[in-house]
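Dear colleague,

I am handing over the structure we spoke about, and you will find the sequence and the model just below. After them I have written out what was found, so that you can follow each point on the model itself.

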Amino acid sequence: MQLLLQQVVLGLLIGGIYVAVAIGFSLVWGILNIVNLAHGALVMVGAYVTWLLFAHAHLDPFLSLPVVAVALFAFGYALQRILINRVIRAPLFFTLLLTFGVNLMIVNALLVLFKSDFRSVTPSYSGSGFGIASVQVPYIRLAALGVAVVLAAAVGVLLNRTRTGAAIQAVGADRDAARLVGVDLRHVYALTFAVAAACAGVAGALISTIQAITPTAGEPYTLQAFVVVVLGGLGRVGATVVGGLVFGLVETLGQTMVPGLGAGWANAIAFAILVVVLIARPQGLMGRRP
Amino acid sequence: MEQVQVPPPPSPPGTAPAPRARVNGGRLRRPLLIVFLLAVLLVLLAPLTTTDQADSLGVPVLVDRSQIRILTTVAMFVVMASGWNLVGGLTGYGSFGNVAFFGLGAYTCAVAVDVHRLHLPMAAGIAFAPLVPAAFAALVGLALLRLRGHYFAIATLGTAVAVGEVVKNVDYLGGATGLFPPILHSADLLFLYLMVGAALLAVIVSRLILRSRFGYGLIAIRENEEAASVIGVNTTAYKVGAFTVAAALTGLAGGVFAVWNSFINQELGFSLDFNIQMILMAVLGGAGTLFGPVLGVIVLEFLLQNVAGRSDVAVYAQIGLGLLLAVTVIFVPRGIVDFFGGSSRLSLAHLRRALRETSA
Amino acid sequence: MTVLLAINGVTKRFGGVAALREVTFEVAEGEILGVIGPNGAGKTTLLDCISGVVRPDAGTITFGAHEIGHERPHRIARLGVGRTFQIVKPFTSMTVRENAAVGALFGASRLPPARAFAVADEVLERVGMAAKASQPVASLTIPDRKRLEVARALATRPRLLLLDEVMAGLNPVEMDEALEMVRSVHRSGVTIVLIEHVMRVVVGVCRRVVVLHFGEMLAEGAPDDVLRDPRVIEAYLGEKYAKKLLATTGERDG
């Protein structure tokens, strides 16, 4: 029983990471109608920036969050404006191919810069935590969850309470109508992508403190983000939060309850479930029709 | 109520109808095609100069072993790209998981010829190779082809990953180690012509389909699935049909690969590299056309082979591949073939037009 | 008079909204039936139900001897029902001729490719598009696209043709031409159900008219009678203006 509780707590904590990863992905998909296959790579860029700051400037990973966010924001803006914008109106398949190409470029650029060695960010307090009723709560993971929640809230505020957010939502709802009322489409697209990239970067920063990173470690996160968004439903921050937490829970519990289950089988099962859900309920478990 | 007709979306890139109906093809087309076919013929006959008989006749050697390998690889990708073209190009369902069929075909053949398993002759193995992927496609296709766009792409990708994972965990299929079909010595030419035969089959099948009711139905589905269904196209049957044919062809390539390579494992059989390459080749060459995939394979293999085998630049090769993907999708979405047959010319204006149609 | 199409108690809901509610009427073979009603009345949903694009929640649809309410669209097309769409759906990468030919390849006729092109030429002639047979679709004007849509549906050799607002977006001259096209199609022996907003078209070509309002049948009969029906006027103009109109016309009629 105590083990179960422990696993639930850990599951929720890791779920926070998944939420952070999924938020940016969901934003780009919902507003630009682009499934960004390079999202995991952006996450890794954030992770490496954090690592660089930690290893060379001795900057605490949580303190470097704003730096990472800004850096990835700028990178995302440029990336969208220069490359991705060119296929916005192209058939869906081409956007998939493009983001896949971008993914290849980023991941391999990281490989060139950092090689495939595993690195991690280990501040002095990693590994330690506190106990509540015989359940161990690691500080870092709790902080990560906290950051993720703040991030989700921030994005929610941006979307719902600012003019920029209104413009973004307008473009997402009807891009031609938005253009007619004077919204600068290209800028809003780039802005949205930039925000998503910043979220990915923050997620990467958090990930760097929890697991060892390597350039190719971002791939599973893209797929996971896809699953979370599909299951939770496109277009709602709340649904994404729930989806991410549930995913974390299921993954953690699944690994403990079926000890022999390799990561591979888990992937296979996750996809089988995903395909079934997609066919039975294309709008996800909670969302409106995309 | 006055209905305002929204201007039609630009013609989907990479969509060329059967050659017969293309009225405004460039005059360059026929002679170029003939030159191309002659070149292919030359390339196919040249390897024969490496045989002992040719040697005793005093025929100069035109190609060496490594080049025969390259040709075999090219032929293999022609099969795979043509197969993908049927589903992604003609029907408009961009699958990101066709490599699953490759792997299934490879494993089927490997299991069939394996000494400790079915122990059948190689011919049987290759004959069975298309069957398992085809059956799989027919089954899974019914469910998957209900999805569209992003969902279909990711679902097929997921399926390929999942199948690969399952295969890796089954002992009968060699588990994580893989299977080792018996090695055949001095069989380079045999495998070359086997693969070329498969490539020929793929092109012939594609041509037959393009000119048939089936092909028109698939194109109709791509252009407007709802309209296709109300004029009488059984969209489900047609989609699954195309999917199955693609699976059979791709599986055949996998089968020949397994015995040619004398080794197959999950990483090779379900290689995401192969996956993206076959798509890129079809798109680069011209999705939806007959020779597009062939052209794309030749161009891309040529590029890849120049950097292959040099592990220090493997990373840069991948970056190049990514860049090529980006460039293709942005500037040449209709593929290289479009420059030769379409009403457009190789010009800046054409590129600018392509950009204008697809950018924000 | 043989009944070609019988709609009986057809109901269709989308979410909580009933797009069609207990709609019942018949179409005789060889007639041109008009379906009119204000926006949102459910006219297109009706066509969707008949052509199989959408499945009715209740009721039956009988075409000839076949119950088609639950059939898939391609089966219904093969039985001899053709339709056009309000927002045309041409096959953009094909030429005009190929678009028409695809109709002949499938549908009720199912001809081999060689003969399909011959039929294509025939239907293009009938709709007046023969001169543009080898043009790519992208270069067509809106009236021409609508003609192509009709040609493609005709190529399937339908016994029943469902036309969804073919007149929309046309200027008066184009409308006359389209009207003539509809008459020509009718003369070739095709029964037509015509959704239309332009009243002079309805009056000009339909012998009988059915009025839908909020998914329900409001009236049925000859166009002149139906258009004078106070309930129909009220449906189109709203209660206030309907009363005004009826008051003034009542005065004038004396």
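I begin with one serine: the side chain of A:S208 reaches the backbone oxygen of A:A205 at 2.6 Å, and please keep in mind here and below that this is a predicted model. A:S208 belongs to helix α8 of chain A, which covers residues 185–210. With a relative accessible area of 1%, A:S208 counts as buried, because the limit for that word is under 20%. If its neighbours within four places in sequence are left aside, A:S208 is in contact with A:A47, A:T50, A:S120, A:V121 and A:I213.

Turning to the aromatic residues, the structure holds 24 aromatic pairs over all chains. One of them is formed by A:Y48 and A:F114, whose rings are stacked, with 4.2 Å from centre to centre and 20° between the planes. This pair links distant parts of the chain, since A:Y48 sits in helix α2 (residues 39–57) of chain A and A:F114 in helix α4 (residues 92–114) of chain A, 66 residues apart. A:Y48 is buried at 1% relative accessibility, and A:F114 is also buried, with a relative accessible area of 11%. In chain B, ring pairs join B:F77, B:F102, B:F257, B:W260 and B:F274 into a cluster.

B:R117 lies over the face of B:Y172, at 5.4 Å from the ring centre, while C:R152 lies over the face of C:F91, at 4.4 Å from the ring centre.

C:F91 leads on to the interface of chain C and chain B, where C:F91, C:S93 and C:F106 are the residues of chain C that lose the most area to chain B, together 18% of what that side buries. The area buried between the two chains is about 3200 Å², and carbon and sulfur atoms give 59% of this. In terms of contacts, 40 residues of chain C touch 33 residues of chain B.

As for polar links, 13 residue pairs are in polar contact across this interface, and 1 salt bridge is found there, in which the side chains of C:K89 and B:E226 meet at 2.6 Å, N to O. On the side of chain C that touches chain B, the elements that give two or more residues are α2 (73–79), β6 (81–83), α3 (96–105), α4 (113–127) and α5 (142–155) of chain C.

With best regards

Conventions: Residues numbered from 1 in each chain as written. Chains lettered and ligands numbered in written order. Predicted model: local features only at pLDDT ≥ 70, side-chain atom pairs only at ≥ 80, totals over all residues. Heavy atoms only, no water. Phe/Tyr/Trp six-rings, centres within 6.5 Å; stacked < 30°, edge-to-face > 60°. Helix = DSSP H or I, 4+ residues; strand = E, 2+ residues; numbered from the N terminus. Buried < 20%, exposed > 50% of the residue type's maximum accessible area, 1.4 Å probe, protein only. Lys NZ or Arg CZ within 6 Å of the ring centre and 35° of its normal. Polar contact = N/O pair within 3.5 Å; in protein donor to acceptor, adjacent residues only side chain to side chain. Contact = heavy atoms within 4.5 Å. Buried area = accessible area lost by both parts, 1.4 Å probe. Salt bridge = Lys/Arg side-chain N within 4 Å of Asp/Glu carboxyl O.
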